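Have the viewer open as you read.

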Amino acid sequence: MSVEVRVEPGRIARLLRARGSIAYRLISQRTERVAKIAEKKAPGSMGSYIS
């Protein structure tokens, strides 16, 4: 049995950037979590500048 795999970088990039895609949602969720952590751990009033 032979299998051919074709990778199309442009198509993959479009899928990753497409709003509403699974990748977009996962990246957005992780980004929000990281921002919240950074906001809590930032010294003084620096946390208010994180968005």
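Arg 6 sits in the segment before α1. Please keep in mind throughout that this is a predicted model. With a relative accessible area of 65%, Arg 6 is exposed, because the cut-off for that label is over 50%. Glu 4 is exposed as well.

Which residue does the side chain of Arg 6 meet in a salt bridge? The partner is Glu 4, with 3.6 Å from N to O. The structure holds one salt bridge, so a distance within 4 Å between a side-chain nitrogen of Lys or Arg and a carboxyl oxygen of Asp or Glu is the criterion to have in mind when you inspect the pair.

Val 7 also has its place in the segment before α1. Its relative accessibility is 59%, which is why Val 7 counts as exposed. Ile 12, by contrast, lies in helix α1, which covers residues 9–17. Ile 12 counts as partly exposed because its relative accessibility is 42%.

Val 7 and Ile 12 both contribute to a nonpolar surface patch of about 730 Å².

## The chain as a whole

Now for the wider view. How many helices and strands does the protein chain have? Its secondary structure comes to two helices and zero strands.

The C-alpha atoms fill a box of roughly 60 × 20 × 15 Å along the principal axes. The radius of gyration of the protein chain is 18 Å, whereas a compact globule of 51 residues would have one near 10 Å. Buried residues make up 8% of the 51 residues.

As for the surface, the protein chain exposes about 5100 Å². Carbon and sulfur atoms supply 59% of that area.

The protein chain carries 11 positive and 4 negative charges, and the mean positions of the two sets are 5 Å apart. Arg 6 and Glu 4, joined in the salt bridge described above, are a handy place to begin looking at them.

Conventions
Residues are numbered from 1 along each chain as its sequence is written. This is a predicted model: local features need pLDDT of at least 70, side-chain atom pairs count only at pLDDT 80 or more; totals for chains, interfaces and linings use all residues. Side-chain values use heavy atoms; hydrogens and water are left out. Patches are made of residues with over 30% relative accessible area and no salt bridge: like charges are joined within 9 Å, nonpolar side chains (Val, Leu, Ile, Met, Phe, Trp, Tyr) within 5 Å. Accessible areas come from the Shrake-Rupley method with a 1.4 Å probe; for residues, only the protein chains shown count as cover. Helices (H or I, at least four residues) and strands (E, at least two) are DSSP runs, numbered from the N terminus. Buried means under 20% relative accessible area, exposed over 50%, partly exposed in between (1.4 Å probe, protein chains only). The radius of gyration is taken over C-alpha atoms; the globule rule is 2.2 Å times the number of residues to the power 0.38. Lys and Arg count as positive and Asp and Glu as negative; His and the chain ends are not counted. The place of a charge is taken as NZ of Lys, CZ of Arg, CG of Asp or CD of Glu.
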